[in-house]
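Please walk through this model with me, starting at the ligand and moving out to the loops. Keep the sequence and the 3D view open side by side.

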Amino acid sequence: MKINFVDLKAQYLSIRSEIDEAIQNVINKTAFSSGPFVKSFEENFARAHNAKYCVGVNSGTSALHLAMWALGIGKDDEVIVPTNTFFATPEAVSLCGAKPVFIDCESDYFNIDPRNIEKAITDNTKAIIAVHLYGQPAQMGEIKAIAEKNNLLLIEDCAQAHLSEYKGVPVGTFGICGCFSFYPGKNLGAYGEGGAIFTNDKELYTKMMALRDHGSAQKYYHDYIGHNYRMEGIQGAILNVKLKHLPEWTKKRRVNSDLYRKYLADIKDVTIPLEMSGLKHVYHLFVVRVSERNELIKYLQDNEIYTGIHYPIPCHLQKAYDSLHLQKEKFPISEKIADEILSLPMYAELTEKEIKFVCEKIKEFYKL
Ligand SMILES: Cc1ncc(COP(=O)(O)O)c(C=O)c1O
């Protein structure tokens with residue numbers, strides 16, 4: 001039985017006629033860049049997360065960059081980020097000319113550890129980016145309180161956390177901006193690239209709308225030096241179709257995570273991810289910690305089961321950040337888990353039979 005890490009084709013086949021019709025509508029109206037399909041998606045996506053405003057853009061990286069750019073974060077500023085995240089989080093800080101200040105995560109939930117944040121604050125700190133990694137919200141209560149106490153901007157990186165909730169409140173509006181990615185493999189994925197930013201601040205919204213379109217609110221009148229970060233019409237139309245199915249797909253991911261928990265329960269070499277009580281984890285990734293990881297990956301591959309590692313090298317140890325001179329062992333938890341984490345196949349279309357098969361092969365590997 002072959003089990004892919006993600007299966008975008010299976011999802012497409014389940015909604016094929018709706019998607020084909022949506023793409024044809026965009027072509028019929030030649031609304032290829034921004035336009036009515038993007039606008040409609042922005043409104044619907046904002047509603048799904050109880051946000052006031054949404055700016056559709058062309059990637060999650062653009063969303064993070066545009067948010068910080070519009071907030072005036074730049075040279076000599078520092079932004080606190082977890083080192084256990086995808087590289088785009090600190091990269092967007094660097095794109096603004098500011099310095100990412102890395103901090104460690106906590107070992108049970110993998111997210112930024114609020115206890116490390118205050119120690120990293122200096123006179124130059126402007127913002128904190130809380131990443132809701134793997135689909136589980138960061139501890140927004142504590143993080144928001146620290147941001148308010150120290151007069152810092154709070155930005156959420158929600159790239160992996162569509163429809164996830166912190167104590168009943170959808171992620172994306174705890175701070176000044178919430179940034180999303182619609183990379184194809186995300187819980188809400190485009191058929192190409194895409195991203196979005198939420199804010200409840202009207203002035204900031206207006207500025208971000210202009211910056212994504214060459215600093216222009218009115219065609220050929222440019223108030224700022226901006227960029228072209230517009231979302232494509234076809235992506236807006238596809239995302240609008242997929243958004244309707246997202247609650248049901250999210251439910252299915254959570255059912256699948258329960259099945260993994262059940263079938264992996266008695267393997268001592270596998271540590272199952274913890275879910276913090278009161279939070280809604282949306283399982284973009286189901287990440288376990290294992291011993292003999294490379295051998296296990298190979299064993300699963302030989303059995304046509306494909307897995308991933310998110311992420312093998314913490315950001316502070318990436319070559320691109322050599323200039324920060326951050327030594328190994330600076331962030332011990334992130335460094336330790338980077339050698340142990342393994343992302344198992346996870347998507348709504350996975351069946352119980354497939355999950356059981358993955359778990360049986362893991363047991364077989366550990367000779368159980
Ligand atoms: C946590 C996180 N932040 C930012 C991004 C960047 O999004 P994109 O790939 O759409 O630029 C991603 C995407 O992989 C991500 O997982």
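**The ligand and its surroundings**

The ligand sits in the largest pocket. A pocket here is an open set of points on a 1 Å grid over the protein atoms alone, where a 1.4 Å probe fits, with protein on both sides within 12 Å along at least five of seven lines. To sit in one, a molecule needs more than half of its atoms within 2 Å of the grid points.

This is a predicted model: local features need pLDDT of at least 70, side-chain atom pairs count only at pLDDT 80 or more, and totals for chains, interfaces and linings use all residues. Residues are numbered from 1 along each chain as its sequence is written, and side-chain values use heavy atoms, with hydrogens and water left out.

The ligand is surrounded by 16 residues, each with a heavy atom within 4 Å of it. Gly 60, Thr 61, Asp 157, Ser 181 and Lys 186 are the closest. Helices α4 (60–70) and α5 (88–95) each supply at least two residues of this shell. The largest share, 3 residues, comes from α4. Helices (H or I, at least four residues) and strands (E, at least two) are DSSP runs, numbered from the N terminus.

Now look at the polar atoms. A backbone N or O atom of Gly 60 lies 2.8 Å from a ligand oxygen. The side chain of Thr 61 places an N or O atom 2.5 Å from an oxygen of the ligand. Asp 157 has a polar side-chain atom 2.7 Å from a ligand nitrogen. Taken alone, the ligand exposes 390 Å², and the protein buries 92% of that. The areas come from the Shrake-Rupley method with a 1.4 Å probe.

**The loop between β3 and α6**

Next, go to the loop between β3 (99–103) and α6 (114–120), the place of Asn 111. Is Asn 111 buried or exposed? Asn 111 counts as buried because its relative accessibility is 4%. The cut-offs are under 20% relative accessible area for buried, over 50% for exposed, and partly exposed in between (1.4 Å probe, protein chains only). The Asn 111 side chain reaches the backbone oxygen of Gln 136 at 2.8 Å. Leaving out residues up to four places away in sequence, Asn 111 touches several others, including Cys 105, Val 131, His 132 and Pro 137. Contact means heavy atoms within 4.5 Å.

Phe 110 is in this loop too. Phe 110 is buried, with a relative accessible area of 4%. Its phi is near 75°, a positive value in a residue other than glycine.

**The loop between α10 and α11**

His 310 is placed in the loop between α10 (293–302) and α11 (332–338). At 16% relative accessible area, His 310 is buried. Its side chain makes a polar contact with the side chain of Ser 343 (2.7 Å). Such a contact is a pair of N or O atoms within 3.5 Å; within protein, one must be able to donate a hydrogen and the other to accept it, and residues adjacent in sequence count only if both atoms are side-chain atoms. Beyond its neighbours within four places in sequence, His 310 is in contact with Phe 5, Tyr 134, Leu 285, Ile 341 and Ser 343.

What kind of peptide bond joins His 310 and Tyr 311? The bond is cis, with omega about 15°. Tyr 311 is found in the loop between α10 and α11.

His 325 is also found in that loop. Its relative accessibility is 61%, so His 325 counts as exposed. Phi of His 325 is near 50°, again positive in a residue other than glycine.

Technical notes: On a 1 Å grid over the protein atoms alone, a cavity is a set of points where a 1.4 Å probe fits but cannot get out, and a pocket is an open set with protein on both sides within 12 Å along at least five of seven lines; lining residues have an atom within 4 Å of a point.
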